[in-house]
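Take a look at the model below. This report walks through ring contacts and strand pairing.

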Amino acid sequence: MSDHAILLDPFLQITDLSFPGWTWRLRIQRDDGLLYTPASTEGLAIRLYPVGQDALCLFTGQATLQESPPGEPNLAYEAALPGLVTAFVWQDDYYTITLDPAVGLTLLGRDGPSRSCVLVTEGERTLQTVFPRGYQAGAVGEPLPPGTWAVTIPFWSVTTATSYPDAVTADLATTVCSSVPYQATEQIRDGNALGWFVLPRLGIAWRPNTTLTAWEGLLQIDQVCSQGELVIPRQTPNAPPPATPPSDPGQRIFQMYTDVALLIALGPCPGQWSGTAIELSTNFGYHTTIPFCGSSVPPVQADFALGEQAANLAGPTFVRRCRFQWDRTSFAYATGEGEQYFTGQIATLSQSPSTYFEQFVVQPLPEQRN
(Lines give C-alpha, C1' and ligand atoms only; values in the text may rest on other atoms or scores of the structure.)
Protein backbone atom coordinates (compact mmCIF):
# COMPACT_ATOMS: atom_id res chain seq x y z
CA MET A 1 0.00 0.00 0.00
CA SER A 2 1.34 3.44 -0.96
CA ASP A 3 2.12 6.00 1.73
CA HIS A 4 0.59 8.68 -0.47
CA ALA A 5 -2.94 10.02 -0.57
CA ILE A 6 -5.80 7.54 -0.48
CA LEU A 7 -9.29 8.87 -1.36
CA LEU A 8 -11.78 7.01 0.84
CA ASP A 9 -14.99 8.93 0.04
CA PRO A 10 -16.02 12.50 -0.94
CA PHE A 11 -15.65 13.72 2.65
CA LEU A 12 -12.76 11.67 4.05
CA GLN A 13 -9.12 11.76 3.04
CA ILE A 14 -5.96 10.42 4.69
CA THR A 15 -2.62 11.54 3.32
CA ASP A 16 -0.11 9.69 5.52
CA LEU A 17 -0.31 6.38 7.37
CA SER A 18 3.16 6.35 8.89
CA PHE A 19 3.55 8.46 12.03
CA PRO A 20 5.67 7.75 15.13
CA GLY A 21 4.01 8.24 18.49
CA TRP A 22 0.47 9.25 19.10
CA THR A 23 0.17 12.21 16.71
CA TRP A 24 -2.58 13.69 14.55
CA ARG A 25 -2.11 16.38 11.89
CA LEU A 26 -5.48 17.92 11.04
CA ARG A 27 -6.36 20.30 8.22
CA ILE A 28 -9.85 21.55 9.09
CA GLN A 29 -11.99 23.35 6.53
CA ARG A 30 -15.63 24.39 6.66
CA ASP A 31 -17.91 23.77 3.69
CA ASP A 32 -18.15 27.48 2.86
CA GLY A 33 -14.38 27.50 2.25
CA LEU A 34 -13.19 28.82 5.62
CA LEU A 35 -9.88 27.17 6.53
CA TYR A 36 -9.40 27.20 10.27
CA THR A 37 -6.05 28.77 11.12
CA PRO A 38 -4.86 30.41 14.35
CA ALA A 39 -5.85 33.73 12.75
CA SER A 40 -9.41 32.61 11.97
CA THR A 41 -12.05 35.12 13.04
CA GLU A 42 -14.43 32.29 14.00
CA GLY A 43 -13.52 29.95 16.81
CA LEU A 44 -13.38 26.16 16.74
CA ALA A 45 -12.82 23.61 19.50
CA ILE A 46 -11.01 20.34 18.65
CA ARG A 47 -11.61 17.39 20.98
CA LEU A 48 -10.25 13.84 21.12
CA TYR A 49 -12.02 11.01 22.96
CA PRO A 50 -10.97 7.38 23.46
CA VAL A 51 -13.04 5.06 21.26
CA GLY A 52 -16.11 3.96 23.19
CA GLN A 53 -15.54 6.42 26.06
CA ASP A 54 -17.61 9.49 25.21
CA ALA A 55 -17.40 10.83 28.77
CA LEU A 56 -13.57 10.97 28.82
CA CYS A 57 -12.16 13.88 26.83
CA LEU A 58 -8.43 13.39 26.34
CA PHE A 59 -7.75 16.72 24.67
CA THR A 60 -9.58 19.98 23.96
CA GLY A 61 -7.76 22.55 21.86
CA GLN A 62 -8.84 25.97 20.62
CA ALA A 63 -8.07 26.41 16.93
CA THR A 64 -7.83 30.20 17.23
CA LEU A 65 -5.17 32.42 18.70
CA GLN A 66 -5.32 33.34 22.34
CA GLU A 67 -3.66 36.53 23.58
CA SER A 68 0.03 36.35 22.71
CA PRO A 69 2.82 38.55 21.34
CA PRO A 70 2.78 39.10 17.55
CA GLY A 71 4.37 36.20 15.71
CA GLU A 72 4.16 33.88 18.70
CA PRO A 73 1.00 31.77 18.33
CA ASN A 74 -0.44 30.66 21.62
CA LEU A 75 -2.80 27.74 21.08
CA ALA A 76 -4.71 26.98 24.26
CA TYR A 77 -5.64 23.43 25.24
CA GLU A 78 -6.83 21.30 28.13
CA ALA A 79 -5.82 17.70 28.82
CA ALA A 80 -7.26 14.83 30.85
CA LEU A 81 -3.93 14.47 32.71
CA PRO A 82 -0.91 16.75 33.15
CA GLY A 83 1.80 15.82 30.67
CA LEU A 84 -0.57 13.99 28.30
CA VAL A 85 -0.14 16.63 25.57
CA THR A 86 3.42 17.09 24.38
CA ALA A 87 2.58 19.36 21.42
CA PHE A 88 -0.27 21.40 20.01
CA VAL A 89 0.96 23.56 17.14
CA TRP A 90 -0.14 24.87 13.76
CA GLN A 91 2.02 24.83 10.65
CA ASP A 92 1.36 24.79 6.91
CA ASP A 93 -2.46 24.68 7.34
CA TYR A 94 -2.30 21.76 9.80
CA TYR A 95 -2.90 21.52 13.53
CA THR A 96 -0.57 18.95 15.09
CA ILE A 97 -1.62 17.24 18.31
CA THR A 98 0.84 14.87 19.98
CA LEU A 99 -0.06 12.86 23.07
CA ASP A 100 2.44 11.13 25.32
CA PRO A 101 2.05 7.31 25.05
CA ALA A 102 3.24 6.69 28.61
CA VAL A 103 0.71 9.09 30.12
CA GLY A 104 -1.94 7.66 27.83
CA LEU A 105 -1.11 4.18 29.09
CA THR A 106 -1.55 5.39 32.67
CA LEU A 107 -4.88 7.00 31.83
CA LEU A 108 -6.38 4.28 29.65
CA GLY A 109 -4.77 1.20 31.12
CA ARG A 110 -3.67 -0.12 27.73
CA ASP A 111 -1.15 0.61 24.96
CA GLY A 112 -1.55 4.19 23.83
CA PRO A 113 0.55 4.77 20.67
CA SER A 114 -1.61 2.59 18.38
CA ARG A 115 -4.91 3.83 19.76
CA SER A 116 -7.41 5.52 17.49
CA CYS A 117 -9.48 8.34 18.89
CA VAL A 118 -12.82 9.96 18.12
CA LEU A 119 -12.51 13.51 16.79
CA VAL A 120 -15.24 16.02 17.63
CA THR A 121 -15.30 19.62 16.41
CA GLU A 122 -17.60 22.41 17.58
CA GLY A 123 -17.54 26.12 16.83
CA GLU A 124 -19.17 29.21 15.39
CA ARG A 125 -21.39 28.79 12.35
CA THR A 126 -20.92 25.06 12.25
CA LEU A 127 -22.50 22.02 13.89
CA GLN A 128 -20.96 19.81 16.55
CA THR A 129 -19.50 17.16 14.27
CA VAL A 130 -18.08 13.72 14.96
CA PHE A 131 -15.50 12.76 12.34
CA PRO A 132 -16.06 12.28 9.47
CA ARG A 133 -19.52 13.95 9.04
CA GLY A 134 -21.58 12.93 12.07
CA TYR A 135 -23.46 16.12 12.88
CA GLN A 136 -26.84 14.72 13.93
CA ALA A 137 -27.81 13.91 17.51
CA GLY A 138 -26.42 10.55 18.60
CA ALA A 139 -23.80 10.38 15.85
CA VAL A 140 -21.04 7.91 16.71
CA GLY A 141 -18.45 8.69 14.04
CA GLU A 142 -15.48 6.57 13.04
CA PRO A 143 -12.23 5.88 14.94
CA LEU A 144 -9.48 8.19 13.72
CA PRO A 145 -6.00 6.60 13.74
CA PRO A 146 -2.92 8.77 14.28
CA GLY A 147 -1.85 10.30 10.96
CA THR A 148 -2.42 13.26 8.68
CA TRP A 149 -6.03 14.02 7.88
CA ALA A 150 -8.08 16.47 5.84
CA VAL A 151 -11.29 17.21 7.73
CA THR A 152 -14.35 18.99 6.33
CA ILE A 153 -17.16 20.16 8.60
CA PRO A 154 -20.61 21.59 7.83
CA PHE A 155 -21.45 25.26 7.50
CA TRP A 156 -24.49 26.10 9.65
CA SER A 157 -25.84 29.52 10.49
CA VAL A 158 -29.36 30.24 11.79
CA THR A 159 -30.06 33.89 12.62
CA THR A 160 -33.32 35.67 13.45
CA ALA A 161 -33.98 39.39 13.18
CA THR A 162 -37.06 41.05 14.68
CA SER A 163 -38.48 44.34 13.44
CA TYR A 164 -41.59 46.39 14.20
CA PRO A 165 -43.03 48.14 11.11
CA ASP A 166 -45.78 49.75 13.22
CA ALA A 167 -47.24 49.69 16.73
CA VAL A 168 -49.23 46.47 16.23
CA THR A 169 -46.88 44.45 13.99
CA ALA A 170 -43.86 42.27 14.71
CA ASP A 171 -41.86 40.73 11.86
CA LEU A 172 -39.56 37.80 12.55
CA ALA A 173 -37.14 36.84 9.78
CA THR A 174 -35.01 33.69 10.17
CA THR A 175 -32.21 33.12 7.66
CA VAL A 176 -30.82 29.60 7.40
CA CYS A 177 -27.43 29.25 5.69
CA SER A 178 -26.41 25.61 5.54
CA SER A 179 -24.24 23.21 3.57
CA VAL A 180 -26.44 20.28 4.66
CA PRO A 181 -30.17 19.64 4.19
CA TYR A 182 -32.51 20.44 7.04
CA GLN A 183 -36.09 20.27 8.26
CA ALA A 184 -37.89 23.46 9.32
CA THR A 185 -41.03 23.61 11.46
CA GLU A 186 -43.13 26.57 12.55
CA GLN A 187 -44.26 25.91 16.12
CA ILE A 188 -46.91 27.57 18.27
CA ARG A 189 -46.82 26.72 21.95
CA ASP A 190 -49.40 27.99 24.47
CA GLY A 191 -50.52 30.68 22.06
CA ASN A 192 -52.79 33.42 23.35
CA ALA A 193 -53.69 36.88 22.11
CA LEU A 194 -51.36 38.76 24.43
CA GLY A 195 -50.37 42.37 23.95
CA TRP A 196 -48.21 44.76 25.92
CA PHE A 197 -50.06 47.32 28.05
CA VAL A 198 -48.55 50.09 30.16
CA LEU A 199 -50.36 50.66 33.47
CA PRO A 200 -49.74 54.10 34.99
CA ARG A 201 -50.38 52.67 38.48
CA LEU A 202 -50.31 49.08 39.68
CA GLY A 203 -50.74 47.79 43.21
CA ILE A 204 -49.01 44.52 44.11
CA ALA A 205 -49.48 42.55 47.34
CA TRP A 206 -46.33 40.53 48.08
CA ARG A 207 -46.30 37.30 50.12
CA PRO A 208 -43.45 34.85 50.83
CA ASN A 209 -43.16 31.66 48.83
CA THR A 210 -43.41 28.33 50.64
CA THR A 211 -39.67 28.16 51.32
CA LEU A 212 -39.28 31.80 52.45
CA THR A 213 -36.66 32.31 49.72
CA ALA A 214 -38.49 34.85 47.55
CA TRP A 215 -41.59 37.01 47.24
CA GLU A 216 -44.66 36.19 45.14
CA GLY A 217 -46.79 39.07 43.95
CA LEU A 218 -50.58 39.35 43.48
CA LEU A 219 -51.39 41.96 40.83
CA GLN A 220 -54.34 44.10 41.92
CA ILE A 221 -56.37 44.92 38.82
CA ASP A 222 -60.17 45.19 38.88
CA GLN A 223 -63.10 47.11 37.39
CA VAL A 224 -61.99 46.21 33.87
CA CYS A 225 -65.19 44.74 32.40
CA SER A 226 -67.98 43.29 34.52
CA GLN A 227 -69.02 40.81 31.81
CA GLY A 228 -65.60 40.20 30.26
CA GLU A 229 -62.50 38.23 31.05
CA LEU A 230 -58.80 38.98 30.91
CA VAL A 231 -55.72 36.75 31.11
CA ILE A 232 -52.49 37.92 32.73
CA PRO A 233 -49.92 35.10 32.59
CA ARG A 234 -47.25 34.70 35.24
CA GLN A 235 -44.46 37.10 34.35
CA THR A 236 -41.76 39.30 35.80
CA PRO A 237 -42.94 42.89 35.32
CA ASN A 238 -40.76 45.96 35.77
CA ALA A 239 -41.90 46.09 39.41
CA PRO A 240 -39.17 44.84 41.77
CA PRO A 241 -40.22 42.90 44.91
CA PRO A 242 -39.35 44.11 48.42
CA ALA A 243 -35.61 44.43 48.91
CA THR A 244 -35.63 42.58 52.23
CA PRO A 245 -36.06 38.77 51.98
CA PRO A 246 -39.15 37.31 53.67
CA SER A 247 -38.74 36.02 57.22
CA ASP A 248 -42.23 34.83 58.21
CA PRO A 249 -44.92 32.88 56.29
CA GLY A 250 -47.57 35.39 57.37
CA GLN A 251 -45.80 38.45 56.01
CA ARG A 252 -47.62 40.69 53.54
CA ILE A 253 -46.23 43.81 51.92
CA PHE A 254 -48.26 46.10 49.67
CA GLN A 255 -46.47 48.37 47.20
CA MET A 256 -47.69 50.75 44.52
CA TYR A 257 -45.76 51.01 41.25
CA THR A 258 -45.92 53.39 38.29
CA ASP A 259 -45.68 52.79 34.53
CA VAL A 260 -45.65 48.99 34.69
CA ALA A 261 -45.62 47.03 31.41
CA LEU A 262 -47.71 43.83 31.46
CA LEU A 263 -48.69 41.15 28.99
CA ILE A 264 -52.48 40.96 28.91
CA ALA A 265 -55.05 39.20 26.72
CA LEU A 266 -58.60 40.61 26.77
CA GLY A 267 -61.81 38.78 26.05
CA PRO A 268 -64.85 40.50 24.49
CA CYS A 269 -66.46 43.24 26.59
CA PRO A 270 -70.08 43.71 25.43
CA GLY A 271 -70.68 47.18 24.06
CA GLN A 272 -67.05 48.23 24.53
CA TRP A 273 -64.54 46.08 22.66
CA SER A 274 -63.98 42.81 20.86
CA GLY A 275 -61.57 40.21 22.18
CA THR A 276 -57.89 40.53 21.29
CA ALA A 277 -56.41 38.26 18.60
CA ILE A 278 -53.10 37.78 16.77
CA GLU A 279 -52.98 37.17 13.04
CA LEU A 280 -49.96 35.16 11.94
CA SER A 281 -48.95 35.14 8.27
CA THR A 282 -45.77 33.84 6.63
CA ASN A 283 -43.91 33.79 3.34
CA PHE A 284 -43.97 29.97 3.31
CA GLY A 285 -47.70 29.32 3.10
CA TYR A 286 -48.83 29.16 6.72
CA HIS A 287 -51.55 31.46 8.03
CA THR A 288 -53.54 31.29 11.25
CA THR A 289 -55.28 33.45 13.85
CA ILE A 290 -54.65 33.04 17.56
CA PRO A 291 -57.83 34.04 19.41
CA PHE A 292 -58.35 35.11 22.98
CA CYS A 293 -57.97 31.96 25.10
CA GLY A 294 -59.67 32.37 28.45
CA SER A 295 -60.83 29.91 31.07
CA SER A 296 -62.98 27.93 28.61
CA VAL A 297 -60.55 27.86 25.66
CA PRO A 298 -57.13 26.20 25.97
CA PRO A 299 -54.05 27.99 24.55
CA VAL A 300 -53.21 27.24 20.92
CA GLN A 301 -50.75 24.44 20.11
CA ALA A 302 -49.80 23.93 16.45
CA ASP A 303 -47.01 22.63 14.19
CA PHE A 304 -46.51 23.44 10.52
CA ALA A 305 -43.73 21.40 8.90
CA LEU A 306 -42.14 22.93 5.82
CA GLY A 307 -40.61 19.64 4.68
CA GLU A 308 -37.01 18.98 3.74
CA GLN A 309 -35.03 22.05 2.69
CA ALA A 310 -32.01 21.75 0.41
CA ALA A 311 -28.54 22.90 1.41
CA ASN A 312 -28.00 26.55 0.54
CA LEU A 313 -24.93 28.52 1.61
CA ALA A 314 -26.58 31.87 0.81
CA GLY A 315 -29.66 30.88 2.77
CA PRO A 316 -33.38 31.51 2.29
CA THR A 317 -35.17 33.77 4.77
CA PHE A 318 -38.38 32.59 6.44
CA VAL A 319 -40.58 35.53 7.46
CA ARG A 320 -43.40 35.46 10.00
CA ARG A 321 -45.60 38.52 10.54
CA CYS A 322 -47.65 38.81 13.73
CA ARG A 323 -50.34 41.52 13.86
CA PHE A 324 -52.27 42.43 16.99
CA GLN A 325 -56.00 42.63 16.34
CA TRP A 326 -58.08 44.83 18.66
CA ASP A 327 -60.59 47.63 18.08
CA ARG A 328 -59.34 49.72 20.99
CA THR A 329 -56.01 51.11 22.18
CA SER A 330 -56.72 51.30 25.94
CA PHE A 331 -58.98 50.13 28.74
CA ALA A 332 -59.97 51.50 32.14
CA TYR A 333 -59.21 49.75 35.40
CA ALA A 334 -58.78 50.27 39.15
CA THR A 335 -55.93 49.17 41.38
CA GLY A 336 -54.58 49.29 44.91
CA GLU A 337 -56.08 49.08 48.40
CA GLY A 338 -57.08 51.35 51.27
CA GLU A 339 -55.96 54.94 50.88
CA GLN A 340 -53.94 53.89 47.84
CA TYR A 341 -56.92 52.65 45.81
CA PHE A 342 -57.06 54.36 42.42
CA THR A 343 -60.00 54.23 40.02
CA GLY A 344 -60.27 55.53 36.47
CA GLN A 345 -56.80 54.38 35.49
CA ILE A 346 -56.13 53.90 31.76
CA ALA A 347 -53.97 51.01 30.54
CA THR A 348 -52.54 51.91 27.13
CA LEU A 349 -51.62 49.45 24.39
CA SER A 350 -47.89 49.49 23.74
CA GLN A 351 -45.81 47.81 21.00
CA SER A 352 -47.62 44.54 20.37
CA PRO A 353 -48.15 41.65 19.99
CA SER A 354 -45.92 39.51 22.13
CA THR A 355 -44.34 36.75 20.01
CA TYR A 356 -43.40 34.52 22.96
CA PHE A 357 -45.55 31.67 21.58
CA GLU A 358 -43.80 31.39 18.22
CA GLN A 359 -40.69 29.37 17.43
CA PHE A 360 -39.08 28.51 14.10
CA VAL A 361 -37.29 25.20 14.67
CA VAL A 362 -34.52 24.09 12.28
CA GLN A 363 -32.98 20.62 12.46
CA PRO A 364 -30.19 19.25 10.21
CA LEU A 365 -30.97 16.15 8.12
CA PRO A 366 -28.62 13.44 6.82
CA GLU A 367 -26.67 14.04 3.63
CA GLN A 368 -26.93 11.85 0.57
CA ARG A 369 -23.62 10.01 0.44
CA ASN A 370 -22.36 8.56 -2.85
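## Charges over rings

Arg201 lies over the face of Phe342, 4.0 Å from the ring centre. Arg25 does likewise over Tyr94, at 4.4 Å from the ring centre. A charge sits over a ring if NZ of Lys or CZ of Arg is within 6 Å of the ring centre and within 35 degrees of the ring normal.

This is a predicted model: local features need pLDDT of at least 70, side-chain atom pairs count only at pLDDT 80 or more, and totals for chains, interfaces and linings use all residues. Residues are numbered from 1 along each chain as its sequence is written, and side-chain values use heavy atoms, leaving out hydrogens and water.

## Strand β3 and its partners

Strand β3 (residues 22-30) runs antiparallel to strand β8 (residues 94-99), joined by five bridges. Arg25 has Thr96 of β8 as its bridge partner. β3 also pairs with strand β11 (residues 147-153), in the parallel sense, over seven bridges. There, Trp24 stands opposite Gly147. Strands (E, at least two residues) are DSSP runs, numbered from the N terminus; two of them pair if DSSP finds at least two bridges between them.

## Aromatic pairs

The whole structure holds 19 aromatic pairs (Phe, Tyr or six-membered Trp ring centres within 6.5 Å; planes under 30 degrees apart are stacked, over 60 edge-to-face, the rest tilted). Phe284 and Phe304 are stacked, 6.2 Å centre to centre with 25° between the planes. Phe284 lies in the loop between β19 (277-282) and β20 (287-290) and Phe304 in strand β21 (residues 300-309), so the pair ties together parts 20 residues apart in sequence.

Notes. Helices (H or I, at least four residues) and strands (E, at least two) are DSSP runs, numbered from the N terminus.
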